[in-house]
Amino acid sequence: MSARRSLVWLGLTPEPEQELPAAVALLRAPAAGRPSSALVTAERQRVERLVLHGTQHSWLRYLGEVTDLVVEAAEASVTADPGAALVAGEVVLDHHRMLIGLPGTVYARTATQRRDLERALARLHRMRHSSHSDLVSPWSPSSHSSHSSHFEPGSTT
């Protein structure tokens, strides 16, 4: 690792590496339901590689991909359960808001993503409330105290 390589971005929050793999795997999965454990494992390994060997630029590029998945889910005419998109969107938005404390222009460079995530999250919340007010999913707030899902591959919850 180069002495010139800035690692300050790694200290923001652990939630993306904890929460995103399962949520992103679900967003990337075919519409048939739960992602395979292999897909969740691959996403977890991708995030691990980015955190251990990536740069701030590569990490933000990944979060940009996640933002696109969340926006696509919010724009879909039918989303069976917007829970995974809500988790991913909230985690990335929280991360991007914390960028204000880092040196440089990274906070300004993520302004469009923050705006897009705020709009997508508002729509996803409306979708959740209108589509299944009495259903509980593994991503729903009623089954967890926060947006932490801790979905384990192969679980049925």
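## Helix packing around α3

In this predicted model, Pro 16, Leu 20, Val 24, Leu 27 and Arg 28 of α1 are in contact with Trp 59, Tyr 62, Leu 63, Glu 65, Val 66, Leu 69, Val 70 and Ala 73 of α3. By class, the residues of this α1 and α3 contact comprise 11 nonpolar, no polar and two charged. Helix α1 covers residues 15-28 and helix α3 covers residues 56-75. Their axes come within 11 Å and cross at roughly 45 degrees. That angle makes α1 oblique to α3, and the crossing of the two is left-handed.

### The chain as a whole

The protein chain has six helices and zero strands, and its pattern along the sequence reads α-α-α-α-α-α. There are 157 residues in the protein chain, and 41% of them count as buried. The accessible surface of the chain is about 8700 Å². Carbon and sulfur atoms hold 54% of that surface. Among the contacts in the chain with a separation of 6 or more, 70% come from residues 24 or more positions apart.

Two packed helices are described by the angle between their axes and the distance between the axes.

| Helix pair | Axes come within | Crossing angle |
|---|---|---|
| α1 and α3 | 11 Å | roughly 45 degrees |
| α2 and α3 | 9 Å | roughly 150 degrees |
| α3 and α4 | 9 Å | roughly 140 degrees |

For α3 and helix α4 (residues 83-98), the axes cross at roughly 140 degrees. That makes α3 oblique to α4, and α3 passes α4 in a left-handed crossing. On the α3 side the contact is made by Trp 59, Leu 60, Leu 63, Val 66, Thr 67, Val 70 and Ala 73. On the α4 side it is made by Ala 85, Ala 88, Gly 89, Val 92, His 95 and His 96. The residues of the contact of α3 with α4 divide into nine nonpolar, four polar and no charged.

The axes of α2 and α3 cross at roughly 150 degrees, and the two helices are therefore roughly antiparallel to each other. Their crossing is left-handed. From α2, Glu 43, Arg 46, Val 47, Leu 50 and Val 51 take part, and from α3, Ser 58, Trp 59, Tyr 62 and Glu 65. This contact of α2 with α3 has five nonpolar residues, one polar residue and three charged residues.

Trp 59 of α3 is listed in the contact with α1, in the contact with α2 and in the contact with α4. Tyr 62 and Glu 65 of α3 meet residues of α1 and residues of α2.

### Individual residues

Glu 43 lies in helix α2, which spans residues 37-53. The residue is buried, with a relative accessible area of 5%. Apart from neighbours within four places in sequence, Glu 43 is in contact with Pro 21, Val 24, Ala 25, Arg 28 and Tyr 62.

Val 51 and Glu 17 are 34 residues apart in sequence, yet their C-alpha atoms are 8.0 Å apart in space.

Leu 27 has its place in helix α1. With a relative accessible area of 21%, Leu 27 is partly exposed; buried would mean under 20%. Leaving aside neighbours within four places in sequence, the contacts of Leu 27 are Leu 69, Val 70, Ala 73, Ala 84, Ala 85 and Ala 88. Leu 27 and Glu 72 stand 45 residues apart in sequence and 9.5 Å apart in space, C-alpha to C-alpha.

Definitions and conventions. Residues numbered from 1 in each chain as written. Predicted model: local features only at pLDDT ≥ 70, side-chain atom pairs only at ≥ 80, totals over all residues. Heavy atoms only, no water. Axes fitted to C-alpha atoms, helices over the stretch in contact; angles between N-to-C directions. Helix = DSSP H or I, 4+ residues; strand = E, 2+ residues; numbered from the N terminus. Parallel < 35°, antiparallel > 145°, perpendicular 65-115°, else oblique. Left-handed = near helix turned anticlockwise from the far one by under 90°. Contact = heavy atoms within 4.5 Å. Nonpolar A, V, L, I, M, F, W, Y, C, P; charged D, E, K, R; others polar. Buried < 20%, exposed > 50% of the residue type's maximum accessible area, 1.4 Å probe, protein only. Areas by Shrake-Rupley, 256 points an atom, 1.4 Å probe, with all protein chains shown as cover.
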